[in-house]
Amino acid sequence: MSIRHTVRVRGGAVAAVAAVLALALAGCGGGNEKPKAKESPNSSASQPPNGSSASAPASNPSAAPTQILATVNGESGVVLTINSVTRDGGGFVTINGQIKNTSSQQFVKTAAWRGSERDLTGSGESVAGATLVDKAGKKRYYVLRDTDGRCLCTTGVAAIDAGATVPFFAQFPAPPTTTTDVEFSLPTFASAVVKITG
């Protein structure tokens, strides 16, 4: 008799669980269909743009930064885009951006991008030749270096394939807090005036 009782409890439990799952699935299915039917006729024109703009940054957050502070042209169809110029609490300014090869041929990075880095073996290929100019304070700032002489900037970019984009960054000593606009320069590119944030 105890065996039959156990079987009945198990059978009842299985039936109860099956009933709960069936109700839950039916509720989920019905809940999804009704909002779709209501949303599509009422806001069909406004819904797709919102959905597409929200999904594009989520799928490619680092590939295509949304903020563009400046875009300057270089040689052989290479374009430099600056996405942020941030003053950090440690007394330095960090510039982040991208370099894109818009041509149909591979671009071999020029030695000029390295600046005086050509005399140092620590960093190899880099953008250590970049500078910031504070025109109001009449001062030029060079890329910071660590204790081993390596630049605090992007390194290892020897060539950029046709149509490819590579990120770059460079850190500089921070100008006085009263300075908000600086001129960024990287050899072979035009200079760009950008605003410091933070």
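## The four-stranded sheet

In this predicted model, four strands form an open sheet in the order β6-β5-β9-β10. The pairing is antiparallel. Strands β6 (139-142) and β10 (192-195) stand at the edges. Each has a single partner strand, so one side of each is left without a neighbour in the sheet. Neighbouring strands are turned by 30 degrees against each other on average, direction ignored.

Strand β5 covers residues 131-134 and pairs with β6 over four bridges, in the antiparallel sense. Within this pair, V133 stands opposite R140 of β6.

β1 and β2 are antiparallel partners, joined over four bridges. T71 has T81 in β2 as its bridge partner. Four residues lie between the strands of this hairpin, and S76 takes a positive phi near 55 degrees there.

β2 also runs antiparallel to β3, with 10 bridges between them. V78 stands opposite N101 in β3. The β2-β3 hairpin has three residues between its strands. Here G91 takes a positive phi near 90 degrees.

How far is β2 enclosed? Nine of its 11 residues are buried, so the strand is largely enclosed by the rest of the structure.

## The nonpolar core

Nonpolar side chains tend to be buried together in soluble globular proteins. The largest nonpolar core here has 32 residues. I99 and F184 touch the most other members. Elements that give two or more residues to this core are β1 (70-73), β2 (78-88), β3 (92-101), β8 (165-173), β9 (181-185) and β10.

Which residues does F184 touch? Leaving aside residues up to four places away in sequence, F184 touches L80, I82, I95, A130, T131, L132, F168, F172, S191 and A192.

S126 is found in the loop between β4 (107-108) and β5. Is S126 buried or exposed? Its relative accessibility is 1%, so S126 counts as buried, the cut-off being under 20%. A polar atom of the S126 side chain lies 3.3 Å from the backbone nitrogen of A128.

## The disulfide

A disulfide is a covalent bond between the sulfur atoms of two cysteines. The count for this model comes to one. C151 and C153 form the link, with their sulfur atoms 2.1 Å apart. The angle about the S-S bond is -75 degrees, and the link is left-handed. Both C151 and C153 are buried.

Conventions:
Residues numbered from 1 in each chain as written. Predicted model: local features only at pLDDT ≥ 70, side-chain atom pairs only at ≥ 80, totals over all residues. Heavy atoms only, no water. Pairing = 2+ DSSP bridges. Axes fitted to C-alpha atoms, helices over the stretch in contact; angles between N-to-C directions. Core = buried A, V, L, I, M, F, W, Y, C linked by side-chain atoms within 4.5 Å. Buried < 20%, exposed > 50% of the residue type's maximum accessible area, 1.4 Å probe, protein only. Contact = heavy atoms within 4.5 Å. Polar contact = N/O pair within 3.5 Å; in protein donor to acceptor, adjacent residues only side chain to side chain. Disulfide = S-S within 2.5 Å.
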